[in-house]
Amino acid sequence: QVELVESGGGSVQAGGSLRLSCAASGRTFSSGYLGWFRQAPGKEREFVGAITWSGDDTYYADLSKGRFTISRDNTNTKNTVYLQMNSLKPEDTAVYYCAATGSATYVPVSLADSYDYWGQGTQVTVSS
């Protein structure tokens, strides 16, 4: 089992920045991804980006490219993935979720169904 706990959400004005954290505890994997998704009211959950458990590769949705950066800290006892969000827009307002999969076979990185473990989500609100 993997437990994921997000933090760092809040309210910010357009153009501002936030850094979300996702602390992973329990088992770790040598394959698969740690991903970020978001869901705005009345909309489907959408892929933001992901990083491999090793931290060697990152993947971004078009909405994230150039503004968001995913990184990983797995030094010592930490097992944390970060989502740095810059140049935030009101349309970035959503609940942001951290997710994890340890699949040893290929799974589409951007599909929510590929992920087995989910955090509780953290609210991000961007005002104009």
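Cys22 and Cys98 are both buried, where buried means under 20% relative accessible area, exposed over 50% and partly exposed in between, using a 1.4 Å probe and protein chains only. This is a predicted model, in which local features need pLDDT of at least 70 and side-chain atom pairs count only at pLDDT 80 or more, while totals for chains, interfaces and linings use all residues. Residues are numbered from 1 along each chain as its sequence is written, and side-chain values use heavy atoms, with hydrogens and water left out.

A disulfide (a pair of cysteine sulfur atoms within 2.5 Å) links Cys22 to Cys98, with an S to S distance of 2.1 Å. The link is left-handed, at -80° about the S-S bond. Cys22 sits in strand S3 (residues 18–26) and Cys98 in strand S9, so the pair ties together parts 76 residues apart in sequence. Strands (E, at least two residues) are DSSP runs numbered from the N terminus. By this rule, the disulfide count is one.

| Residue | Contacts |
|---|---|
| Ser114 | Thr101, Val107, Pro108 |
| Thr93 | Ala40, Gln123, Val124, Thr125, Val126 |

Ser114 belongs to the loop between strand S9 (94–101) and strand S10 (117–118). Ser114 is buried, with a relative accessible area of 8%.

Thr93 is placed in the loop between strand S8 (80–85) and S9. A polar atom of the Thr93 side chain lies 2.9 Å from the backbone nitrogen of Val126.

Technical notes:
Helices (H or I, at least four residues) and strands (E, at least two) are DSSP runs, numbered from the N terminus. Contact means heavy atoms within 4.5 Å. A polar contact is a pair of N or O atoms within 3.5 Å; within protein, one must be able to donate a hydrogen and the other to accept it, and residues adjacent in sequence count only if both atoms are side-chain atoms. Lists of a residue's contacts leave out its neighbours within four places in sequence.
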